Amino acid sequence: MKKHLLIGLSAAALLAASPLASAHRMWIKPTTTVVSGENEWISFDGAIANGIFTPDHYAMPLDLLTATSPSGKTVQLQHQQRLKYRSVFDLELTEKGTYKVASASNTLMARWTDDNGERHMWPGRGKTGTLEEFKQQVPANADVAQTSRKIEVFVTAGAPTDSVLKNTGEGLEMVAHTHPNDAYTGEDITFGFTIDGEKAVGASVVVVKEGEKYRDNNDDMKLTTDEQGNITLNVDEPGMYWLEAEYEDSKAKAPASKRMGTYITTIEVLPL
Amino acid sequence: MTLKKTMFAGLGISFLSAFSTIASADEVKITLPQLNVAEYHAPYVAVWLADSRKKRVEDIAVWYDVDMKDDEGEKWLKDLRLWWRRSGRTLDMPVDGVSGATRRPGEYTIDLHNSLSAQPAGDYILYVEAARELGGREVLEIPISLPVTTPLSQTANGENELESIELTLEPK
């Protein structure tokens with residue numbers, strides 16, 4: 001539990017960073033997902049915004065992101081720059097295989113109303129909490145949720161590999177039945193979801209194609225995970241797709257009564 | 001130099017077609033179009049044989065900027081999108097006997113004898129894919145049934161990056 005709270009530091013910071021976290025959408029968009037050659041670079045944008053891949057609100061804090069190489073090494077995010085509405089960085093791909101850029105958190109969040117009718121939340125906006133503080137500050141009648149958030153994107157040099165796709169068994173995670181860098185138009189793309197390592201049945205998933213700005217209707221694809229925790233997509237148009245999965249149930253460990261998870265990724269669907 | 005090469009290739013073709021009855025010609029002729037564009041880069045071209053399930057059986061030729069320093073030419077191999085997925089991404093380029101320099105517009109003939117004679121009987125697809133820097137991409141394919149029992153000549157015409165491919169097979 002203590003570990004969760006400590007990991008939770010980053011989640012709280014990330015949430016606090018966005019004044020309207022629930023109304024905005026977080027995304028990391030690589031310029032491309034597949035490269036060939038000996039030493040390639042891929043550039044990334046990251047933002048918390050109204051628009052999918054249109055940075056219009058808040059630049060993503062980059063200190064929470066970690067990049068992992070196919071062999072498991074931590075890779076530096078190079079040329080980091082936090083601009084007004086988006087953050088940018090580059091990754092140098094010196095190994096062959098699939099890399100991951102990710103941020104994950106698992107924390108407790110509490111809300112309650114005091115005797116004067118005032119509403120409170122813990123940890124406070126912009127604050128991070130410890131287990132000690134939780135015990136001291138959060139009253140017993142508070143509505144406590146165990147909240148996991150994960151955002152990750154994958155890029156590949158050469159052929160896709162699976163080493164960075166392994167799950168941790170904590171929070172809401174994606175099980176890549178289709179490799180995220182091997183998605184093509186006209187072929188089934190199947191992803192599963194797990195919550196704390198178990199199948200996340202009934203999670204709601206929304207998939208939005210890039211170019212939302214230029215469409216009258218957002219044309220979101222809304223899906224729900226089946227009994228196996230899976231969704232299957234089959235898209236006609238190549239492009240970058242933003243995917244967000246949300247899951248909630250009441251199987252939380254005390255002191256939480258709710259278990260909530262959010263998972264976000266970006267999938268490039270290629271044409272053949 | 002380039003011009004000379006093209007002319008030799010051209011001569012080769014006419015020779016073969018003139019004497020096609022005696023040549024045991026298992027070959028594919030690839031014609032790269034003359035394009036009227038401001039900045040022309042010779043296309044990357046991949047030629048490969050696939051089985052009826054479109055899985056790569058053998059890479060026959062990959063023309064790219066093999067001589068660039070630090071293997072920089074390999075950066076653009078992924079633009080041969082179909083070949084890259086079916087084969088290229090798992091290869092360690094360059095591959096002897098497969099990798100070759102890019103070609104300028106003209107006709108080129110590739111001998112398929114060794115590629116085809118090694119295959120068991122069955123249905124195959126010959127793919128030719130071209131992708132050009134600052135240009136487009138095109139894939140042409142011709143189905144092949146092995147073994148060949150009657151002389152066969154089949155052509156597929158392209159619209160932009162490939163003018164045509166012409167497959168000629170002779171029974172053994």
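## Chain B: surface and fold

The accessible surface of chain B comes to about 9200 Å², and 51% of that belongs to carbon and sulfur atoms. Accessible areas here follow the Shrake-Rupley method with a 1.4 Å probe; for residues, only the protein chains shown count as cover. This is a predicted model: local features need pLDDT of at least 70, side-chain atom pairs count only at pLDDT 80 or more, and totals for chains, interfaces and linings use all residues. Residues are numbered from 1 along each chain as its sequence is written, chains are lettered from A and ligands numbered from 1 in the order in which they are written, and side-chain values use heavy atoms, with hydrogens and water left out.

Chain B has 3 helices and 9 strands. Helices (H or I, at least four residues) and strands (E, at least two) are DSSP runs, numbered from the N terminus. Read from the N terminus on, the order of elements is α-β-β-β-α-β-β-α-β-β-β-β. Of the 172 residues in chain B, 45% are buried. Buried means under 20% relative accessible area, exposed over 50%, and partly exposed in between (1.4 Å probe, protein chains only). Contact means heavy atoms within 4.5 Å. Among contacts in chain B between residues at least 6 apart in sequence, 65% join residues at least 24 apart.

## The interface between chains B and A

On chain B, 15 residues are in contact with 15 residues of chain A. The size of an interface is often given as the accessible area lost when the parts come together. Chain B and chain A bury about 1300 Å² between them, with 50% of it on carbon and sulfur atoms. Buried area is the accessible area (1.4 Å probe) that two parts lose on being put together, summed over both.

Between chain B and chain A there are 10 residue pairs in polar contact, both residues at pLDDT 80 or more. A polar contact is a pair of N or O atoms within 3.5 Å; within protein, one must be able to donate a hydrogen and the other to accept it, and residues adjacent in sequence count only if both atoms are side-chain atoms. Helix H2 (residues 81–86) of chain B supplies the largest share of the side that touches chain A, with 5 residues. That side of chain B divides into 4 nonpolar, 1 polar and 10 charged residues. In this scheme Ala, Val, Leu, Ile, Met, Phe, Trp, Tyr, Cys and Pro are nonpolar, Asp, Glu, Lys and Arg are charged, and the others, Gly among them, are polar.

## Salt bridges

The count over all chains is 17 salt bridges. A salt bridge is a side-chain nitrogen of Lys or Arg within 4 Å of a carboxyl oxygen of Asp or Glu. Between chain B and chain A the count is 4. In chain A, Arg25(A) pairs with Glu212(A), with the closest N and O atoms 2.9 Å apart. The two lie in distant parts of the chain, 187 residues apart: Arg25(A) is in strand E1 (residues 25–30), and Glu212(A) is in the loop between strand E16 (204–209) and strand E17 (221–224). Arg25(A) is buried at 17% relative accessibility. Glu212(A) is buried too, at 13%.

Arg89(B) lies in the loop between H2 and strand E4 (99–101) of chain B, and Asp182(A) in the loop between strand E12 (172–176) and strand E13 (183–184) of chain A, so this pair joins two chains. Their side chains form a salt bridge (3.0 Å, N to O). Both Arg89(B) and Asp182(A) are buried.

Within chain B, the side chains of Arg132(B) and Glu161(B) form a salt bridge (2.7 Å, N to O). Arg132(B) sits in the loop between strand E6 (122–131) and strand E7 (137–146), and Glu161(B) in the loop between strand E8 (152–157) and strand E9 (164–169), so the pair ties together parts that are 29 residues apart in sequence. Both Arg132(B) and Glu161(B) are buried. Salt bridges that share partners also join Asp182(A), Glu187(A), Arg85(B) and Arg89(B) into one network.

## Two buried residues of chain A

Arg259(A) is in strand E20 (residues 258–270) of chain A. Arg259(A) is buried, at 5% relative accessibility. Its side chain makes polar contacts with the side chains of Asp196(A) (3.0 Å) and Asp249(A) (2.7 Å). Leaving out residues up to four places away in sequence, Arg259(A) touches residues including Gln146(A), Ile195(A), Glu198(A) and Tyr247(A).

Ile48(A) lies in strand E3 (residues 40–49) of chain A. Ile48(A) is buried at 2% relative accessibility. The C-alpha atoms of Ile48(A) and Met60(A) are 6.0 Å apart, and the two residues are 12 residues apart along the chain.
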